[in-house]
Amino acid sequence: MGDGSPAAGAVVERLAATVERLRRQIQQAQASADGRALIELAKGVLVERLRCGPAQAARQLDLLAARAGVSPVELAADLVNQTARDQVSVVVEEFLLRTAAPGDSSAAVRLRTAESGLLAAGDTHRVAQSVLEHALAPLGATAVAIWSASADASLSLLGYAGISPQEAERWHYVPPGVATPARRALVERDAIWIEDSSVSSLPSVGDSMGARAAIPAGTGGRLLGVLEVCWPRPLEPQPPRITRQLEALAELCAHALESDLATARGSRGAEPADLVRLADSLFDPALVLVPHFDAAGTLADFRIHHVNTCFIDLAGRPRSLVDGALLLEAYPMAAGEGKVFERIEHVFATGETYRTYNTSLTELVDEVPLTVSAALSISCHGDAVLMVWRLEDETMRLAELLQHAQRLGRVGGFEEKTDTGEITWSRQLFDLYGLSPAADPIPLGQLLDHVHDDDVEAVRPFLLTLLQYRTSASTTFRLVRPDGVTRHIRVIAEPVLDPAGNIRAIRGAYQDISSQHWTEVALSATRDRLEHTELHAAEQSRLARQLQQAIMPAAPPSIDAFGLRIAVRYRPTEQDHLVGGDWYDAMVLPSKQILVSVGDIAGHGITAATGMVVLRNALRGLAATGAGPGQLLEWLNLVAHHLTEDTYATAVCGLYDPQTRVLRWARAGHPAPVLVRAGQATLLPMLDGILLGAVSETTYEEGELQLETDDTLVLYTDGLIERRDRNLDECVDRLLAVSARFTGSLDDRLDNLLDHSDANTDDDTCVVGIQVGAGPATPSSR
């Protein structure tokens, strides 16, 4: 019949039609069975309410359905909803909003039919099919998986629908530690939504595309498994009503899982006699805990079912006050995030064992919290939980700390008994000697065989003092290890004497000080270089200071020439390493004009001092040419740019004509002079001109000032006014105010400016004062 003839094709079509007809009959039979189960629930409600028999309840159900104009199944669903008022009833209304048109009660029927089918199914695989067909398919889901959680944290696929048998066979068992959506839902004890599985790193059963949700399935505070729902395409975040609907279905699945796992996990309410005997056989304190539920059936606490004979209460209470009490009433400090109660809840819910070697147990003692460190173990056995703890022994803790200290400090201890020759080494000492822990320790008598030849004479007195004089001793030496590596070692030891004064044992410690030794060598070399650098710097500062003082005395004699009085003050910084390059000059030129100038070299030290000498002397020589102040600064800029190395300076240069009392002046980036006239202090115009040495060629603007009798002109460097906490304009305003207030002589005026200076930049300070005396003067324009 495989020849492709028309007759063969007709046979295949009839066979396919027969298979399809049988499949529909099976589905109808299953739906009918689910509907019958729902009707039986409704009949039970009527029997209880009407006090009638089953037959009369059936007739009454048909009569009420006919009067209401609905099917018996729809009336049964509505009757069960109104009677149960459980979580399924709560989500029916929202379920209707999602799956049915207004006034259509078929969605409620489907949800209740899913429940009745679940209760009547008898196996978890049939439950998955009923849940998908009646409740989840209207939500667009195409596959369902019901996972069972084992105590070893593994997962088993007990029921599925919409998934091929081959795929289900590959996923029938998921070992512990494999990350899947179901596993994550169990660990977090919360629903996990994955909007798009294609971009998720969590593999799972079914199509890898689309969305899926994993909802923990549990009853009475215990997680028995997970309901996993698959959609064929990605989903947007779902509203809370959909989440609550799936949680209701997961709770229904939990009842099926509970029935399947009753034998493996034990029945509810069983007396944990075996666990009590196990607790009493332990040498550590132990509690046997059983769950305590509130009126709504929710896990609220754990009751202390039994305390073993080794139990010691942290608050000092007798066992009788703890035995039988609720855990949170007896130990309220156990509640809280990350505390013991949360660990017990997780173990009871998932069946996973919790174990830690270092945790904190806290209890109130006379209303004061007492915290101790302990090793803790919590395990689930049927419907009971065993909690065992061991308080840390202080001796064990100190020994552990000592081991860490020896490791960090590279210290190894030893003890050598002279009567038996027994030698005990710590592990660190084997590491220092470069030996394996299985090697024989080296006695003190053979120490010289492992010492560097140059250090043998330093170790001999150590052994002599220790063994013959029977006194504590210490020394340092180089240890040559079997691998050829040399380590710098410090050893300290003491003899242990018996009552007769004989050496019974020798105890001591070796420490690897190689890193310290090389650090000391490096520090010594650095110290030598630093001392040389400091001496060199001090010599440079001394030379700079001497050069500065030789050229720029602090208070040179005042100059009186042609009715002009000139006074100068110079105050160097108090710190030798900050010796600067400030300069001043006042001299009568061959043309009978008077040159006055101030300047400031950038930087400090010998370089600044020598730069000051170059520019000051260059200006003196250039001034003899009879050029104006602007031209003098142009030439001085060339000197700074070409004839010195990285020299930058600011300056003010002025030429005073005694016959006309006219001052011609120019500035190169320097503060403008201050004119004091008739009790008023003003700042001269800020003429254009950049600092010296910045560019190769530039020009400087000149200005003229007609001076009058008793006028005072003050030229200064920034060390007189600058402060780190104040802008320059404020500093200049203060200088003008101080200059205007004083009315004494020129020398007293300069002294007063220095005395009232509040500058804090640790810089040199130079002040030049020019005062015009009485005498004739021909008019001149500014």
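**Aromatic pairs in the predicted model**

Phe348 is buried, its relative accessibility being 0% (buried means under 20% relative accessible area, exposed over 50% and partly exposed in between, with a 1.4 Å probe and protein chains only). Phe302 is likewise buried, with a relative accessible area of 0%.

The structure is a predicted model, in which local features need pLDDT of at least 70 and side-chain atom pairs count only at pLDDT 80 or more, while totals for chains, interfaces and linings use all residues. Residues are numbered from 1 along each chain as its sequence is written, and side-chain values use heavy atoms, with hydrogens and water left out.

The protein has a mean pLDDT (the predictor's confidence in each residue, from 0 to 100) of 77, and 71% of its residues reach 70 or more. The pLDDT is below 50 over residues 263-270, a stretch with 20 contacts (heavy atoms within 4.5 Å) in the model beyond near neighbours in sequence.

The whole structure contains 9 aromatic pairs (rings of Phe, Tyr and Trp, the last by its six-membered ring, with centres within 6.5 Å; planes under 30 degrees apart are stacked, over 60 edge-to-face and the rest tilted). Phe302 and Phe348 form an edge-to-face pair, with ring centres 5.5 Å apart and planes at 80°. This pair links distant parts of the chain, 46 residues apart: Phe302 lies in strand β8 (residues 299-307) and Phe348 in helix α14 (residues 340-350). Helices (H or I, at least four residues) and strands (E, at least two) are DSSP runs numbered from the N terminus.

The rings of Trp425 and Tyr433 make a tilted pair, with centres 4.9 Å apart and planes at 35°.
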